[in-house]
Amino acid sequence: MTSATPTDFRAVMRRFATGVTVVTTSFEGKPKGFTANAFASVSAEPPMVLICVNRDSRSHPLIERAGHFCVNILRLDQQSIAMQFASHDPVDPFEGMPYETAATGSPVLAGTLGFLDCKLEEEHSAGTHTVFIGTVVECRATGGAPLGYFNAGYRDFGCLIP
């Protein structure tokens, strides 16, 4: 039996439509964050979510050390925020970015569809990534349409099917 190649795997995964989030934390009093779509619900009782973070990323050790993170779910009109937090530019993505501080101390970006502020509970190694599982300690939802990601591009998911 042959193994799937990373190239084949990426080609298939590009066809899975997802929402777009910015995961934030605070470390040594400074806000930190990155764009992510490897996010999922784990449990409703207690409320738990997971994020998958590459161990080579700058944010990985910050989440580990801080012990908390916040998942900010982006609205359709927030593509520029997704791009700002996905950039490897040395400019701080929080520069000029309005945010409030959640219960854990993680930043909550202004105007998102919602957020889930989490206390880090578990870490699991998986390939090149760590799966961080957090218990939701604070969350809020607002209205609007979600920003989507499909086939390496940002998308409008359009209308719901009745």
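Student: Which residue in β5 does Ser-43 stand opposite?

Tutor: Strands of a sheet pair through backbone hydrogen bonds, either parallel or antiparallel. Here, Ser-43 stands opposite Met-48 in β5. This is a predicted model: local features need pLDDT of at least 70, side-chain atom pairs count only at pLDDT 80 or more, and totals for chains, interfaces and linings use all residues. Residues are numbered from 1 along each chain as its sequence is written, and side-chain values use heavy atoms, with hydrogens and water left out.

Student: How many bridges join β4 to β5?

Tutor: Two strands pair if DSSP finds at least two bridges between them. Strands (E, at least two residues) and helices (H or I, at least four) are DSSP runs, numbered from the N terminus. Five bridges join β4 to β5 (residues 47–54), and the two run antiparallel.

Student: What is the strand order in the open sheet of seven strands?

Tutor: The order is β3-β2-β6-β9-β10-β5-β4, with antiparallel pairing. β3 (30–36) and β4 (39–44) each have a single partner strand, so one side of each is left without a neighbour in the sheet.

Student: Which helix packs on the sheet?

Tutor: Contact means heavy atoms within 4.5 Å. Helix α3 (residues 79–86) touches β2 (21–27) and β3. Axes are lines fitted to C-alpha atoms, for helices over the stretch in contact; angles run from 0 to 180 degrees between N-to-C directions. The direction of α3 makes about 110 degrees with that of β3.

Student: What is the order in the open sheet of three strands?

Tutor: Read β1-β11-β12, paired antiparallel. Four bridges link β11 (residues 147–150) and β12. Phe-150 stands opposite Gly-153 in β12.
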